[in-house]
Amino acid sequence: MTPRLRRLNNEYTQLRTLVSAREQIEMQVLAEEGGIPTRYLIIYNIRAMCGVTDIEHLNEEGAVCKPVYADRFLMTIDIPPSYPCIDAMPQFNFLVHDESHRPIAHPWHPNIRYFGAFAGYVCMNFPDSYASLAWAVDRIRQYLNYSLYHAKNEPPYPEDLKVAQWFLNNGY
């Protein structure tokens with residue numbers, strides 16, 4: 001087994017252990033290399049914000065944009081072919097459309113892109129050159145529980161400035 005496949009197998013083992021310990025998280029393997037997963041679907045069964053009402057007036061003075069919630073969020077993890085090189089980090093993206101290209105709920109969170117072409121992209125702010133997939137999946141669970149987020153426009157910077165501004169305006 002190559003070093004890459006050993007690493008991917010270790011990541012898979014850690015991820016399975018995390019998912020078995022967290023009722024709120026499910027996992028499906030979407031693609032493999034040499035029998036080892038390289039693409040995952042992570043399902044978070046967590047009640048979290050998925051937008052706001054009156055979004056067309058977001059952050060305007062006097063606008064009342066109340067949170068809207070969903071109970072389920074779908075995220076993919078794509079592991080690039082040159083992983084685990086430092087310049088080939090896994091990509092974490094919440095799905096924003098279903099198979100028929102209809103919009104689906106995705107998180108309303110300062111560290112997850114809500115608007116634009118990169119909607120669903122998760123900013124991880126990895127602490128160093130090694131962080132396991134299990135660490136990242138659990139960190140995103142913390143995002144969805146709002147026990148971890150960064151909304152101020154300062155390092156490490158939020159991923160979505162409009163959502164971050166809404167959080168700051170509304171006392172989060």
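Start by selecting histidine 101: with 65% relative accessibility it counts as exposed (that label means over 50% relative accessible area, buried means under 20%, and partly exposed is in between, using a 1.4 Å probe and protein chains only). Histidine 101 sits in the loop between S6 and H2, and its phi is positive, about 65°, although it isn't a glycine. The H and S names are DSSP runs numbered from the N terminus: helices (H or I) have at least four residues, strands (E) at least two.

A quick word on what's on your screen: this is a predicted model, where local features need pLDDT of at least 70 and side-chain atom pairs count only at pLDDT 80 or more, while totals for chains, interfaces and linings use all residues. Residues are numbered from 1 along each chain as its sequence is written, and side-chain values use heavy atoms, with hydrogens and water left out.

**Stop two: the sheet**

Now show the strands. Four of them make an open, antiparallel sheet in the order S1-S2-S5-S6 (two strands pair if DSSP finds at least two bridges between them). S1 (25–33) and S6 are at the edges with a single partner strand each, so one side of each has no neighbour in the sheet. From one strand to the next, the twist averages 20°.

Select S2 (36–44) and S5: they pair antiparallel over six bridges. Next, go from S5 to S6, where four bridges do the joining. Threonine 76 has asparagine 93 in S6 as its bridge partner, and methionine 75 stands opposite phenylalanine 94 in S6.

Select H1 (3–21) and H2 (133–144) together: they pack at an angle of about 35°, with axes 8 Å apart. Glu11, Gln14, Leu15 and Leu18 come from H1, meeting Leu133, Ala134, Val137 and Asp138 of H2.

**Stop four: H3 and the way into it**

In the loop between H2 and H3, pick proline 156. The peptide bond joining proline 155 to proline 156 is cis, with omega about 10°. Tyrosine 157 is in that loop between H2 and H3 as well, with a positive phi near 65° despite being a residue other than glycine. At 41% relative accessibility, tyrosine 157 counts as partly exposed.

Move on to aspartate 160, which caps the N-terminal end of H3: one of its side-chain oxygens is 3.2 Å from the backbone nitrogen of lysine 162. Which residues of H3 (161–169) are buried? Highlight Val163, Ala164, Trp166 and Phe167. Look down the axis of H3 and these buried residues fall within an arc of 155°, so they line one face of the helix (the arc is that of the directions from the helix axis to the C-beta atoms). Their cover includes strands S3 (48–52) and S4 (67–70). After H3 comes glycine 171, with a positive phi near 75°.

Methods
Axes fitted to C-alpha atoms, helices over the stretch in contact; angles between N-to-C directions. Contact = heavy atoms within 4.5 Å. Polar contact = N/O pair within 3.5 Å; in protein donor to acceptor, adjacent residues only side chain to side chain.
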